[in-house]
Every structure is written in structure tokens, then in C-alpha cells.
Amino acid sequence: MVSFELNDQKKIGAGLTTFGIIFSFLGLIFLFDKKLLAVGNILFLSGLFLLIGLKSTMQFLVKPQNIKGTISFGAGFLFVVIGWPISGMILEGSGFFMLFSCFWPTMAIFLQKIPILGWFLKQSYVRSLKQLDYEDIE
């Protein structure tokens, strides 16, 4: 069972994951800078391993429904490392979406509970933009 206490390893993992996202974002802003994207990928993956553990991460990545996303993300990671950042980020983005698509409804509920952002997301014109209404899940 996964422990939800925040020990030092999980704090470091959360920090590495955050820095990985920041470096990847900077790599995109600086017109697909290969070095920033590669560092961001390495930090993100190492932070993920530390945050949820090596065994849990591997179990998540090799689930039958996640294999396509894992292969796409891995191929994109490889493309970024060998110097094809645009193709790599397209593959990584699609793999990331496939891997974490089951978490989007939960994330939508979480975002609706944030004070200002939640009010904005609950407006009728914003709801009309999205197909699913997650208030029924609550």
C-alpha cells in the first residue's frame, strides 16, 4: 500500500518533478532547446521514481492499458536526447496524455474546489466549452 506521509525521499521527488516540469517548460519557451528539454525529462522521471517509488512507477508504466503511452513517452524521450526536440516533444505529449488520461476527471474536480479558479470553471460559458460536467461525480 502506498504511504501518503511526506518523508524526505518524497519531498526530494516532488522537488525534482517540479523542476523537471519547469525545465521542460523553459525548453519549450526557448524554441525547443534540446538541453533544457533533456534535463527537464531526466528530472521529471527521476522525481516520479522518488515520489511514488520504483516498484509503483514500473507497475503503472507496464499496465496493459498504459503500454501505448509508455512507448510513446519513451520514444519521445529518446528523440529529445538524440537531438530531435520537436518530434520528441510531440511524442512525449501524446504519451503523457495517454498515460494520465484517467486522472483528468479527478483533476477537474480538484480544480473546481480551488477558490477563484473553481468559481471560473463553474460558470455556464466555461461549462459549455467542455463536453463533460464533473459536478455529477461529486
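Visitor: How much space lies in the largest pocket?
Guide: This is a predicted model. In it, the largest pocket holds about 520 Å³ of space.

Visitor: Which residues lie nearest its centre?
Guide: Leu48, Leu51, Phe100, Phe103 and Met107 do, out of 14 residues that line the largest pocket.

Visitor: And what classes make up that lining?
Guide: The lining of the largest pocket has 12 nonpolar and 2 polar residues, and no charged ones.

Visitor: Which helices supply at least two residues each there?
Guide: Helix H1 (8-29), helix H2 (34-52), H5 and helix H6 (104-112).

Visitor: OK, the second largest pocket. How much space is in that one?
Guide: About 270 Å³. Its lining includes Ile21, Phe25, Asn41, Phe73 and Glu92. H1, H2 and H5 each give two or more residues to this lining.

Visitor: Changing topic. Which residues make up the largest nonpolar core?
Guide: Six names: Phe44, Phe60, Leu61, Phe73, Leu99 and Phe100. Helix H3 (54-61) and helix H5 (85-100) each supply at least two residues of this core. In soluble globular proteins, nonpolar side chains tend to be buried together.

Visitor: Last one, Leu78. Where is its place?
Guide: Leu78 sits in helix H4 (residues 67-82).

How values were computed
Residues are numbered from 1 along each chain as its sequence is written. This is a predicted model: local features need pLDDT of at least 70, side-chain atom pairs count only at pLDDT 80 or more; totals for chains, interfaces and linings use all residues. Side-chain values use heavy atoms; hydrogens and water are left out. Helices (H or I, at least four residues) and strands (E, at least two) are DSSP runs, numbered from the N terminus. A nonpolar core is a set of buried Ala, Val, Leu, Ile, Met, Phe, Trp, Tyr and Cys residues joined through side-chain atoms within 4.5 Å. Buried means under 20% relative accessible area, exposed over 50%, partly exposed in between (1.4 Å probe, protein chains only). On a 1 Å grid over the protein atoms alone, a cavity is a set of points where a 1.4 Å probe fits but cannot get out, and a pocket is an open set with protein on both sides within 12 Å along at least five of seven lines; lining residues have an atom within 4 Å of a point. Grid points are joined across faces, edges and corners, and a volume is the space filled by probe spheres set on the points. Ala, Val, Leu, Ile, Met, Phe, Trp, Tyr, Cys and Pro count as nonpolar, Asp, Glu, Lys and Arg as charged, and the others, Gly among them, as polar.
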